[in-house]
Amino acid sequence: MRTDDFDYHLPAELIAQNPLAERSMSRMMVVRRDSGEFRHAHITDLPDYLTAGDLVVVNDTRVIPARLLGQKKDTGGKAELLLVEEIDHQATGTAFRCTWKCLYRASGSACAGICLSMADGSIYAEILEILADGMVLVRLTCNKPLFEILEEYGIPPVPPYIKRDNKTKAMIELDRSRYQTVYAKDYGAVAAPTAGLHLTPELLAEMEKSGIQRATVTLHVGLGTFRPVKSEIVEDHVMESERYVVEDDAVKAVNSACRLCRRVVAVGTTTVRTLETVATGRGLIEAGAGRSSIFIYPPYEFKIVNVILTNFHLPKSTLIMMISAFAGKDLIMRAYREAIEMGYRFYSYGDCMLIL
């Protein structure tokens, strides 16, 4: 299967640069797999397409305000770190030290031994090692816990297609608030599980009142999730692994729904990946924590998920391949053409699609 089979042309003006004034204003395109029919609705209509007993599963990862600005200690030149994944941490007296995989940006090449002053001097950083895929290993030393500093100085790592050349305080605060689900729990992601950005406390309460159940899993979204596939042949692509946690409460809820033949509704492709990763092969899931590198593309046979709420995805990405496996490539490509013609907003801050 060729990667180019999942390509499409998107007018630049349809790439949403900012969230709508309210989460509840998002449009929702409804795609029916059985009939190939499209309907145009709003996210507030979601309960109308679900029934009592359906189980909605969300990903409760919290996006780290992971982008740090500073300068090189020796030259004073500007430097930037994007914290991707913590490797270890320790606290000794008043010093807090941790080691992270990071992306590094500055004039000149990265090399071991470069020292940085980040976050107005709140963080001392030293590059320890150059890793693969443009990553560096960095030791951070702080005078208080890192996440306290990130809450004050960290910038949300919105994707590059959202232009933030002028990072004003108001824009940073907007992204802090809206590039995060309302049920986000533990820090760990460097990209939002964007389908969940549409859900509000009011909508969740309405679904609960209607007898629609909810369960939670965690997948800490990494940088690889939104990257286009570069190999010409789909099967040659290797997924970057991401950390997940599925606890007993979620297992009980999902397995009960599966046994009773009730629909499992995955909010977002990250939730799909998590559920399909922990599927036992008997139509059930099991608790656990680990790293998922599952790559879902046609003709994958889904074991757990019956309905997907998802955003519109980048061309030639693993995400559009996943939903093509779920609904069929021809139907998805036709749905994308329809969405473009109807002026839907695309990508992270864009509108959504409900695939039934």
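**Cavities, pockets and a helix crossing**

Reply: In this predicted model, the largest cavity is lined by Pro19, Leu20, Arg23, Ser26, Arg178, Leu197, His198, Arg345, Ser348, Tyr349 and Gly350. About 100 Å³ of space lies in that cavity, and the structure holds 4 cavities of 30 Å³ or more.

Me: What makes a space a cavity rather than a pocket?

Reply: A cavity is a set of points where a 1.4 Å probe fits but cannot get out, whereas a pocket is an open set. The space lined by Pro19 and Leu20, among others, is therefore called a cavity because the probe cannot get out of a cavity.

Me: How do the residues of the lining of the largest cavity divide by class?

Reply: They divide into 4 nonpolar, 4 polar and 3 charged. Tyr349 is in this lining and counts as nonpolar, because Tyr is listed in that class; Gly350 is also in the lining and counts as polar, because Gly is placed there.

Me: Why is helix 5 called roughly perpendicular to helix 6?

Reply: The axes of helix 5 (residues 269-277) and helix 6 (residues 318-327) cross at roughly 65 degrees and come within 11 Å. Angles of 65 to 115 degrees count as roughly perpendicular, so helix 5 is described as roughly perpendicular to helix 6. The crossing is left-handed.

Me: Which residues make the contact of these helices?

Reply: Helix 5 contributes Thr269, Val272 and Arg273, and helix 6 contributes Leu319, Met322 and Ile323. By class, this contact has 4 nonpolar, 1 polar and 1 charged residues. Arg273 belongs to the contact and counts as charged, because Arg is listed in that class.

Me: What is known of the largest pocket, and which elements supply its lining?

Reply: About 700 Å³ of space lies in the largest pocket. Of its 29 lining residues, the closest to its centre are Arg67, Leu82, Val158, Pro159 and Pro160. Strand 6 (78-92), strand 7 (95-106) and helix 2 (169-178) each supply at least two residues of the lining, which divides into 20 nonpolar, no polar and 9 charged.

Terms used: Residues numbered from 1 in each chain as written. Predicted model: local features only at pLDDT ≥ 70, side-chain atom pairs only at ≥ 80, totals over all residues. Heavy atoms only, no water. Axes fitted to C-alpha atoms, helices over the stretch in contact; angles between N-to-C directions. Helix = DSSP H or I, 4+ residues; strand = E, 2+ residues; numbered from the N terminus. Parallel < 35°, antiparallel > 145°, perpendicular 65-115°, else oblique. Left-handed = near helix turned anticlockwise from the far one by under 90°. Contact = heavy atoms within 4.5 Å. 1 Å grid on protein atoms, 1.4 Å probe; cavity = no way out; pocket = protein on both sides within 12 Å on 5 of 7 lines; lining within 4 Å. Points joined across faces, edges and corners; volume = space filled by probe spheres on them.
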